[in-house]
Each structure stands twice: as structure tokens, then as C-alpha cells.
Amino acid sequence: MAEKRDLYEVLGVSKSATKDEIKSAYRRLAKVYHPDNKETGDEEKFKEVQEAYDILYDDNKRATYDQFGFAAFDQAGANPNSGANPFGGFGGGGFGGFSSGENVDINDIFSSFFGGGGARRQTRTGPIKGNDTFLRVNIDFMDAVYGKDLTLDLTVEEKCSACGGTGAKTPSDVHVCPSCNGTGYVRTQRRSVFGMMESQDVCPSCGGSGHVVTSKCSACGGKGYTKNRIDQVLHVPVGISSGQQIKISGKGERGANGGPNGDLYVEVNIKKHPYFWREGNDIHLEMPLDFVDACLGTTLEVPTVYGEVNLSVPSGTQSGQILRLKGQGIKDLRSKKPGDQYVHCVVKTPTSLNKKQKDALRQLKEATGDDTYEKFRKQFKK
């Protein structure tokens, strides 16, 4: 079984995060990884995010996790007569990991996957902020090292600047809907075998907005919004890691009833480099080393992400030995302090030797009196 990741790392929050920060992180990630999201859905990551929220949002579970880790939630340690995990377990109370008593409307989170139908049943006639949207971009390895500005080609539905999102030609052309008296919904009654049944539905006259327009805005045709194609600059900061997200405010789905747009979250994926690889803020490089240089020691000019740097190779360097170049790694996203570069030495044994070279090596072996194999074999004769 794969080792579970730290729950704070799963949600991308610090260990001192507030409950509001935890809830906000959950909402954002749940939208990204929900299986119904055809672009970024990931069932395993979605379950992981659910589990993290279920524990960290509950004060008691969070305190237990901070003290004991995942071991505290092992079902095997529960009282077999209790019929339950003593710490509450995972996902025990409803859908989406909200078992900790938080009153959260799941439709608010997943309305973008199901056309918004569930969320609109609780009709609100005031301005409503649009849903957040998500996008993935691929960048080169060096773009994460130096940072880069990318231009995104976006199509955004934005509030009409001419009417302010009302869809009316003038403010006086907006009236309270006479069918629902501005509530946005109507009640209907019908007789059934069980008696008189009453239901509440979205008002067909105003579509749930609570108002009607007598003269439409010519700029947007009464829709209240316009569809614009824009070139949006994305600032990729120095030191960004693969999987991190960048927020672009106001470029998500359009709002309702003149409300603001949601936000756009861009997840960054970093392409592999042919020679360098990254672990945290440290850079690693595999470097071939000549047999003679490994024996005698030398100073070499080694490539780094910032250019070539002199590296002192000590005599007797072994294949697989790792040498450090301090400060030649990637700058931290927050502190700007750079990591280091680690050079993995791979000693290359010569394969094509002429007679003169072979004689020289035999003389070297005789001079050193070092027979590694014989020393190894004698250990088994003791």
C-alpha cells in the first residue's frame, strides 16, 4: 500500500491554517479533481482531498492527527464492540467529506459539473459570483527556474459594460417581475391521490432573477453579458513547482444577476529536462568522470541551470559519489533562498586501450600493490 501524504500537503495549506483556509482549499481542489470534471478529474486525488478535509476541518480529529498522525485513525485499533472508529473514521457523514458538521451546499461546489441545476434551486435574486474555472499549462524546466510571462488565449463571458449586467437599455427598463413579485420562484398546487401537493419552481417569466426587462440593451441583446476573446498574461514566478496553481481573478465563469465573474486557477505542469532533475529546490545532474581524473582528482567546469561553475573533484572519487555545488539550485518561491546542485559522478572505465596504455596500468597496479579482488576473496577464507 502506498504511503499516505501529509494531509496539510494534500490541501496545500500550512499547519497553522484556519478553518476558512482549509474549507477554501477543499472547495478549490474538489472542483479540480471531481471525477465529473472531464479536463482535470482524478478520482484518487479527489478521495485524498476528501479525506484530508474530513480530518482537518474537525477540531478534535485535527488535534488527534497532529499528535499521532494516520495511526490514530486505523480502524484495526477500534473497540470491536463499538461498531465504529473511535476517532470518527473517514467520510462517515454525507457526501464530499463534510462529516464534520459543516453546513456546506455541495451544489455550490459541483454546480459547474451538473449545469448548475442543483445550486439554482435555492433561487437568489441578488448578484451571484460565477464559478471558478481551471486550466492546465505546460512549461519548460528552465521557465520554472527563471520565471516567465505566458500569454493565454481565453474566451471570457463578462458583465456587459453598457448595462452593468442588467440586460436593460436604461435602469428604468428594469421592473420587479409581476409573476413572482421579485422572489424568483413561484409556488404551484396540484391535487393528487395523497391530497393537495405544493411545489416551488423557478419563475418562468424572469428565469429566477426576480426582475423583467421591458427594453433590452443593444450592446448585449438583453443577456447582461458579452463574450470576449482576450490575451491574458500569466506571470509564472521563479521557483514554481509542478502542480502548483496560479490564480487569475475575475476570469472564471460569469456571475448571475450582474454578479462578478469567478476566478481562473491555472495549474502548472513542468516538463522534464534532458539532463537536470529537481527534488524540492535542489537540482541534480549525472556527470561522467574520466577514470584518470577520478584517480588523480581534478577541477572541472560543470553545467548548472545558471551556467558553468568550477567543481573540485577530489582524488579517489568513486562512481556514484555525490558532490555538492552550494547555492546552485532553484530559488524558493517565498524566501528566494536557492537550493543546491548535486553532481552524481559516474566514473567511466576505458574500454579500448593500446599496448602502451595497458602496460602503464599494469605498472600502476604493481606500484600501488592494491589488489581489490584478492582482498575481497580473502575475507571468505577467514
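Biologist: What distance does helix H3 reach from its first C-alpha to its last?
Modeller: In this predicted model, helix H3 covers residues 43–56, which is 14 residues. At 1.5 Å a residue, the expected span is 20 Å. The helix is close to that expectation, with a reach of 20 Å.

Biologist: Which residue caps the N-terminal end of H3?
Modeller: The backbone nitrogen of Glu44 has a side-chain oxygen 3.2 Å away. A polar contact requires N or O atoms within 3.5 Å. The oxygen belongs to the capping residue, Asp42.

Biologist: Which residue takes a positive phi just after H9?
Modeller: Helix H9 comprises residues 355–368. Just after H9, a phi of about 65° is found at Gly369.

Biologist: How are the rings of Tyr8 and Tyr65 arranged: stacked, edge-to-face or tilted?
Modeller: The whole structure contains 5 aromatic pairs. For Tyr8 and Tyr65, the ring centres are 6.3 Å apart and the planes meet at 45°, so the pair is classed as tilted.

Biologist: How many residues apart in sequence are the parts that the pair of Tyr8 and Tyr65 ties together?
Modeller: Tyr8 belongs to helix H1 (residues 7–11), whereas Tyr65 belongs to helix H4 (residues 59–68). Tyr8 is buried at 2% relative accessibility, and Tyr65 is buried at 7%. The pair therefore ties together parts whose separation in sequence, in residues, is 57.

Biologist: What geometry does the aromatic pair of Tyr146 and Tyr306 have?
Modeller: The two ring centres lie 6.0 Å from each other, and the angle between the planes is 80°. Planes over 60 degrees apart fall into one class, so the pair of Tyr146 and Tyr306 is edge-to-face.

Biologist: Is Tyr146 buried, exposed or partly exposed?
Modeller: Tyr146 lies in helix H7 (residues 141–146). Its relative accessible area is 47%. Since buried means under 20% and exposed over 50%, Tyr146 is partly exposed.

Biologist: Over the ring of which residue does the charged end of Lys19 sit?
Modeller: The charged end of Lys19 is 4.4 Å from the centre of the ring of Tyr57. Tyr57 also forms one aromatic cluster with Tyr26 and Tyr53.

Key. Residues numbered from 1 in each chain as written. Predicted model: local features only at pLDDT ≥ 70, side-chain atom pairs only at ≥ 80, totals over all residues. Heavy atoms only, no water. Helix = DSSP H or I, 4+ residues; strand = E, 2+ residues; numbered from the N terminus. Expected span 1.5 Å × (residues − 1). Polar contact = N/O pair within 3.5 Å; in protein donor to acceptor, adjacent residues only side chain to side chain. Phe/Tyr/Trp six-rings, centres within 6.5 Å; stacked < 30°, edge-to-face > 60°. Buried < 20%, exposed > 50% of the residue type's maximum accessible area, 1.4 Å probe, protein only. Lys NZ or Arg CZ within 6 Å of the ring centre and 35° of its normal.
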